[in-house]
Amino acid sequence: MTAHLLVMYPTPKDPKAFDRAYRDDHLPYAGPRLKGATGVVSKRVAAREGASFYAISDVSFPTLDALQACAASQGGREALAHAASISTGGPPVVLVVTDDLAS
């Protein structure tokens, strides 16, 4: 069962500045700290009136145990804190999901 750490960013005060900070600062900072992750997919939420979120990062792990170990590690905590530091529209919402719904 694959597990995913979803980091959902509220609409930032300055979208271009957020995009730059995410791409140039956050990804290089957080990536090496996410031990056990098998991939990261970053998506922008399609523009619509009243959208709650601007972007979503999906960090994949091979198991829920691997995700939980990463989140509990110093590197995982640093990566999540850095995610919060670039989120100028408010704190990001973090969810843990698994792929087992249709199984």
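Which helix do F18 and Y22 both lie in, and how many residues apart are they? Select the pair: the two sit in helix α1, residues 15-30, four residues apart, or about one turn of the helix. Keep in mind as you click around that this is a predicted model.

An α-helix has 3.6 residues a turn, so residues three or four places apart point the same way.

Now look at the rings themselves. A search of the whole structure turns up four aromatic pairs. One of them is F18 with Y22, a stacked pair with 6.0 Å centre to centre and 25° between the planes. Colour by accessibility and you'll find F18 buried, and Y22 buried as well.

Together with F18 and Y22, they form one aromatic cluster.

For a ring with a charged neighbour, go to Y29. Show R33 too: R33 lies over the face of Y29, 3.7 Å from the ring centre.

Last stop: helix α2, residues 64-72. Select A66, L67 and C70, which are buried. Look down the axis of α2: the buried residues fall within an arc of 100°, so they line one face of the helix. Then turn to the other side of α2, where D65 and A72 are exposed.

So what covers the buried residues of α2? Show β1 (3-10), β3 (53-61), α3 (74-86) and β4 (93-98), which are among the elements that do the covering.

Notes. Residues numbered from 1 in each chain as written. Predicted model: local features only at pLDDT ≥ 70, side-chain atom pairs only at ≥ 80, totals over all residues. Heavy atoms only, no water. Phe/Tyr/Trp six-rings, centres within 6.5 Å; stacked < 30°, edge-to-face > 60°. Buried < 20%, exposed > 50% of the residue type's maximum accessible area, 1.4 Å probe, protein only. Lys NZ or Arg CZ within 6 Å of the ring centre and 35° of its normal. Arc of directions from axis to C-beta. Contact = heavy atoms within 4.5 Å.
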